[in-house]
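Dear colleague,

I am passing on the structure below, together with some notes on what was found in it. Please read the notes with the coordinates open beside them.

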Amino acid sequence: AQLFAPNKCKIVHLEHKDANEYLKTGQKEKFVNTWWEAKPYTPAGILNLSELGNSLYEESFCETCLYPWSKLNDKTYGMRTGELVTFTSGAGMGKSSVMRELMHHIMINTNDNIGVLALEESVRNTAFNIMSVEANARLYIKEVREQFTQEQLKDWQNKTIDSKRFFAFDHFGSVSNTEILDRIRYMAKALDCKWIFLDHLSILVSGQDDYGDERKSIDILMTKLRSLVEETGIALLLVSHLRRPTGDRGHEDGREVSLSHLRGSASIAHLSDSVIALERNQQADNEREANTTTVRILKNRYTGDTGITCHLYYDRNTENVPTTINTTERKDFDITCKTTVEKQQLYEVEIKYIWQGEWPDHWKEVRIPHRKKRLLDKWQNQCPEAEFMFIVFRGDCKKAWKIDAHVLLTCEVKEVANRNV
């Protein structure tokens, strides 16, 4: 068909082998109609948008998990499978700590398996790092672990890595790009990992001598990682370092990060769905400033919104744990108060960011994550006389559903998008 001028060649799609088969089955008129309804040949990939019809509204399935920081969700609407998200910053800014927070957050908020390729640490340290978030203590430090009983350590282990949902890459020394790609593919297809963390890209490139050109190496590796995400449908959360900027002020002094600071060529920026930078002035005289990280979105393909989203404070006064990030998710009631008659009132607050404008007619129910059952149990066991309400806010917090907790006690638990509500 490519040998002819445009619109000179038409394609007939037949249900049977040829015209003779139509005659033998008594479908002469059907063949004639099919012949004259043939459409002009168009090269693959060229489509008249009117042909989409109702298929335009058939949403392709992807799992979404909100970030633990609400302001980041305001711009991104969370993390999604099928996307490649790159986190970047200067040295010592807390990239790995943020990754651990996200691993733990995904564990709590989904039922999915999680893959971890942490190339700067052993799998033992990876296990302790995940447990550290649950314990709110730096269990990866031997002296800190010794402050806790074996029963406490086992409890944190049972709540995290013993869930059998974490799979880590046990590497020995230098690893090739092919080996890493094979392990990610295995985690995705054989172990059903929906969320995979790769920390970090720079160490992969530095360990290769196949090409001798860092820019070319990054281009090739990023292209293969992007293709792997498309092939498997996973969410790949990637860590990448920044190149050292020119001038006297570096990123460790709080310099603002831009896409041009990413190492190598522009492939990291081009092939990532989102690029999120962490900025912090480690050398600030003010302790609060020195421990506050600015989260800046450099690229956001999903919504296009970029810029500063929030600030994360590493609280050194919380059990003396400088690397623990305060998250939005609380393990207790969000609000506790008393009325004038001394009756206790309890509130649990959620923000539904995808709720914009009026409540859509096709949303037939308000869904509360099943993990909130721990609060229902606490209410029933410790303060059953208190009033307990769930408040579900619209994305702009100007409208909300108010739900009496007694209603939830009678609701059935069901699975929606691989999570219980």
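**Helix packing and aromatic pairs**

Helices H5 and H7 are in contact through Met131, Glu134 and Ala135 on the H5 side and Leu153, Trp156, Gln157 and Lys159 on the H7 side. Sorted by type, the residues of this contact comprise four nonpolar, one polar and two charged. Please bear in mind throughout that this is a predicted model.

As for the geometry, H5 and H7 (residues 150–159) pack at an angle of about 105°, with their axes 9 Å apart; since angles of 65 to 115 degrees count as roughly perpendicular, the two helices are therefore described as roughly perpendicular to each other.

Glu134, which belongs to H5 (residues 123–135), has a relative accessible area of 14% and is therefore buried, the cut-off for that term being under 20%. The side chain of Glu134 also makes a polar contact, at 2.6 Å, with the side chain of His104.

Turning to the aromatic rings, the count comes to seven aromatic pairs. One of them joins Trp379 and Phe388 in an edge-to-face arrangement, with 5.5 Å centre to centre and 65° between the planes, and both of these residues are buried. Phe388 also pairs with Phe390, where the ring centres are 4.9 Å apart and the planes lie at 40°, so this pair is tilted. Phe388 has a relative accessibility of 1% and so counts as buried, and Phe390, at 1%, counts as buried too. Elsewhere, Tyr22, Phe31 and Trp35 form one aromatic cluster.

How values were computed:
Residues are numbered from 1 along each chain as its sequence is written. This is a predicted model: local features need pLDDT of at least 70, side-chain atom pairs count only at pLDDT 80 or more; totals for chains, interfaces and linings use all residues. Side-chain values use heavy atoms; hydrogens and water are left out. Helices (H or I, at least four residues) and strands (E, at least two) are DSSP runs, numbered from the N terminus. Buried means under 20% relative accessible area, exposed over 50%, partly exposed in between (1.4 Å probe, protein chains only). A polar contact is a pair of N or O atoms within 3.5 Å; within protein, one must be able to donate a hydrogen and the other to accept it, and residues adjacent in sequence count only if both atoms are side-chain atoms. Axes are lines fitted to C-alpha atoms, for helices over the stretch in contact, and angles run from 0 to 180 degrees between N-to-C directions. Angles under 35 degrees count as roughly parallel, over 145 as roughly antiparallel, 65 to 115 as roughly perpendicular and the rest as oblique. Contact means heavy atoms within 4.5 Å. Ala, Val, Leu, Ile, Met, Phe, Trp, Tyr, Cys and Pro count as nonpolar, Asp, Glu, Lys and Arg as charged, and the others, Gly among them, as polar. Rings of Phe, Tyr and Trp (its six-membered ring) pair if their centres lie within 6.5 Å; planes under 30 degrees apart count as stacked, over 60 as edge-to-face and the rest as tilted.
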